[in-house]
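Welcome, and please take a moment with the sequence and the 3D view before reading on. The notes below are meant as a friendly first tour.

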Amino acid sequence: MGAGKTTLGAGLAERIGRPFVDLDAELEARARLPVRELFAQRGEAEFRTLESAAAVDVLESRRPGVVALGGGAVKIEAVRRALREHALTLLLEVEPEVAWERVRTAEDRPLARDPERFRALHAERAPLYDETADIRVRDLDGAVLAAAGVHVETGAFERLAELVPGEGPVALVSEPRVAGIHGAEAQLALGARLDSTHELPSGEAAKGIAACAALWEELGLERGGTLVALGGGALTDAAGFVAATYLRGIAWAPVPTTLVGQVDAAIGGKTAIDVAAGKNLVGAFHWPARVVADPALLASLSPEERRNGLAEVVKTGLLAGAPLWELPDPDLVRACAAHKAAVCLRDPLDRGPRASLNLGHTFAHALEAGAGYALAHGDAVALGLTAALRVSERLYGLDPEIRADVERTLRPRPVAVDGARAWAALRRDKKALGGEMRLVLLEAPGRPRTGVAVAEEDVRAELRALIT
Ligand SMILES: NC(=O)c1ccc[n+]([C@@H]2O[C@H](COP(=O)([O-])OP(=O)(O)OC[C@H]3O[C@@H](n4cnc5c(N)ncnc54)[C@H](O)[C@@H]3O)[C@@H](O)[C@H]2O)c1
């Protein structure tokens, strides 16, 4: 009571694009009486019966959604059973003192009459909450991450065995560089659950069909096993694809070790490999059983790899409407991961709003193609973002100070790449219609617009400005 379940529940539903049911409101609608009066007129026992019936109905509904339960609903075994069978149950933690301050003046709280009784109620319910909760959260980002199965915590790496869902065997897949730095610790952390260890090549080579085929042949996991993928985005993309296809799909848990991986690549269920016809052309949507992101693993990253990640962080900050890049690593990873998780839960199959994540990437991909892929992704994204922001300034009057801030943070410099090749790649990617191309732009920080028509000539001029 007073934890903020209704506010957080509504916010969570909004962010992940699911319907929201507040159980008190549902009860009031059914009884046509305010909860306070229902409680007073019928007494607690009958109130709980009505509450239980409403909760079980809502929880058994086939439509995925967010439900805020009343604080006392878990006292009833039927509700606890419905939660176990149909829900991922988040316990919103709050100090009793804070909750009391919030509820003591509220008129519609029949059980919040004096602080002693309130504290006793809190203590009485605590064991039930412990028993019922799947995950404990304190804020909206925490709830989004929990809903997406993303666990961000410094030190999580040491608890891998318990954080990888299930109790079955684990095949650990990594690559030589990462295995050299973090492999032994991963094996130790997985303990008795570790069944076998495997390697893909380091870097983009992991995403070749031959490397994946070798892993398919090596894996001896049964259906109940889990593939744990330890590495950067290339490794998790490839290992995730192997998990999606091996035995027609086994559970997997990426443990991203780069900034790109922790804020972007490991989240959202997209897995892919490269083929001669193009990068990421073959893949599958395969949502991880859990993503375990430990920001402490980033300490060994090279400055160049950090820069690659920082460009994605800046992109995420622009989309989320906050300068997330100014945060310390653990907070930055958490906030960016939550943003991406929410967008991907809204659009798991990439058919709508997920396109916003491509802000700046149309130009970036073109520059990478123009460089024959010898350009750091972060540098390409940094340039692509400035181009997208410049177009946004012209179309929406976006404040140029935002671009100045991005430029101070990422220091993008025009690059010497093959302009004709870059333009050809962009045109192939964006197929101009009636002399216009569709871009992702920013109306304001936190307000991306996808599919905005921009004159082909303007896009070309912007691309040219990025090339020396
Ligand atoms: N699936 C998605 O949604 C998605 C999103 C963005 C990017 N991606 C993919 O991610 C890939 C890029 O990911 P990346 O930038 O992480 O590249 P990467 O996996 O190639 O890693 C970059 C380099 O960092 C090294 N490295 C990794 N972790 C380290 C650590 N902790 N300490 C020291 N060195 C470490 C690696 O050995 C590698 O040399 C691309 O293939 C891209 O297509 C996928």
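What follows is a briefing on some helices, a ligand shell and a few single residues.

This is a predicted model, in which local features need pLDDT of at least 70, side-chain atom pairs count only at pLDDT 80 or more, and totals for chains, interfaces and linings use all residues. Residues are numbered from 1 along each chain as its sequence is written. Helices (H or I, at least four residues) and strands (E, at least two) are DSSP runs, numbered from the N terminus.

**A covered helix: α7**

- Helix α7 spans residues 140–148 and is mostly covered, with nine of its nine residues buried. A residue is buried if 20 or more other C-beta atoms lie within 10 Å of its own, exposed if 12 or fewer, and partly exposed in between, with C-beta atoms placed from the backbone.
- Among the buried residues of α7 are Leu140, Asp141, Val144 and Leu145.
- The cover over these buried residues includes the helices α1 (5–16) and α14 (329–346), along with the strands β3 (90–92), β4 (135–137) and β5 (150–152).
- Just after α7 comes Gly149, which takes a positive phi of about 75°.

**Helix pairs**

Axes here are lines fitted to C-alpha atoms, for helices over the stretch in contact, and angles run from 0 to 180 degrees between N-to-C directions. Angles under 35 degrees count as roughly parallel, over 145 as roughly antiparallel, 65 to 115 as roughly perpendicular and the rest as oblique. Two residues are in contact if their C-beta atoms, placed from the backbone, lie within 7 Å. For residue classes, Ala, Val, Leu, Ile, Met, Phe, Trp, Tyr, Cys and Pro count as nonpolar, Asp, Glu, Lys and Arg as charged, and the others, Gly among them, as polar.

- Helix α3 (residues 35–60) packs with helix α4 (residues 77–86) at an angle of about 10°, their axes being 9 Å apart, so α3 and α4 are roughly parallel to each other.
- On the α3 side, Ser52, Ala55, Val56, Leu59 and Glu60 meet Ala78, Val79, Ala82, Leu83 and His86 of α4. By class, the contact of α3 with α4 has seven nonpolar residues, two polar and one charged.
- The axes of α10 (residues 209–218) and α11 come within 10 Å and cross at roughly 45°, so α10 and α11 are oblique to each other.
- Ala211, Cys212, Leu215 and Trp216 of α10 make the contact with Ala238, Phe241 and Val242 of α11. The residues of this contact of α10 with α11 are seven nonpolar, no polar and no charged.
- Helices α18 (residues 419–430) and α19 (residues 456–465) pack at an angle of about 140°, with axes 11 Å apart, so α18 and α19 are also oblique to each other.
- Gly419, Ala422, Trp423 and Leu426 of α18 make this contact with Arg460, Leu463 and Arg464 of α19. Here the residues of the contact of α18 with α19 comprise four nonpolar, one polar and two charged.

**Around the ligand**

- How many residues surround the ligand? There are 28, and the closest are Arg177, Gly232, Gly233, Ala234 and Thr258. A residue is near a molecule if its C-beta atom, placed from the backbone, lies within 6 Å of it.
- At least two residues of this shell come from each of α9 (176–190), α11 (233–245), α12 (259–265) and α13 (303–320).
- The shell around the ligand holds eight nonpolar, twelve polar and eight charged residues.

**Single residues to look up**

- Thr89 sits in the loop between α4 and β3. Thr89 is partly exposed, because 18 other C-beta atoms lie within 10 Å.
- Leaving aside neighbours within four places in sequence, Thr89 is in contact with Leu83, Thr132, Ala133 and Asp134.
- Leu441 belongs to strand β13 (residues 436–444), and Leu441 counts as buried because it has 25 C-beta neighbours inside 10 Å.
- Leu441 and Asn358 are 83 residues apart in sequence, yet 9.3 Å apart in space, C-alpha to C-alpha.

**Positive phi values**

- Most residues other than glycine have a negative phi.
- Arg32 has a positive phi near 55°; Arg32 lies in the loop between α2 (23–31) and α3, and counts as exposed with 7 C-beta neighbours inside 10 Å.
- Asn280 has a positive phi near 55°; Asn280 lies in strand β11 (residues 278–285), and counts as partly exposed with 14 C-beta neighbours inside 10 Å.
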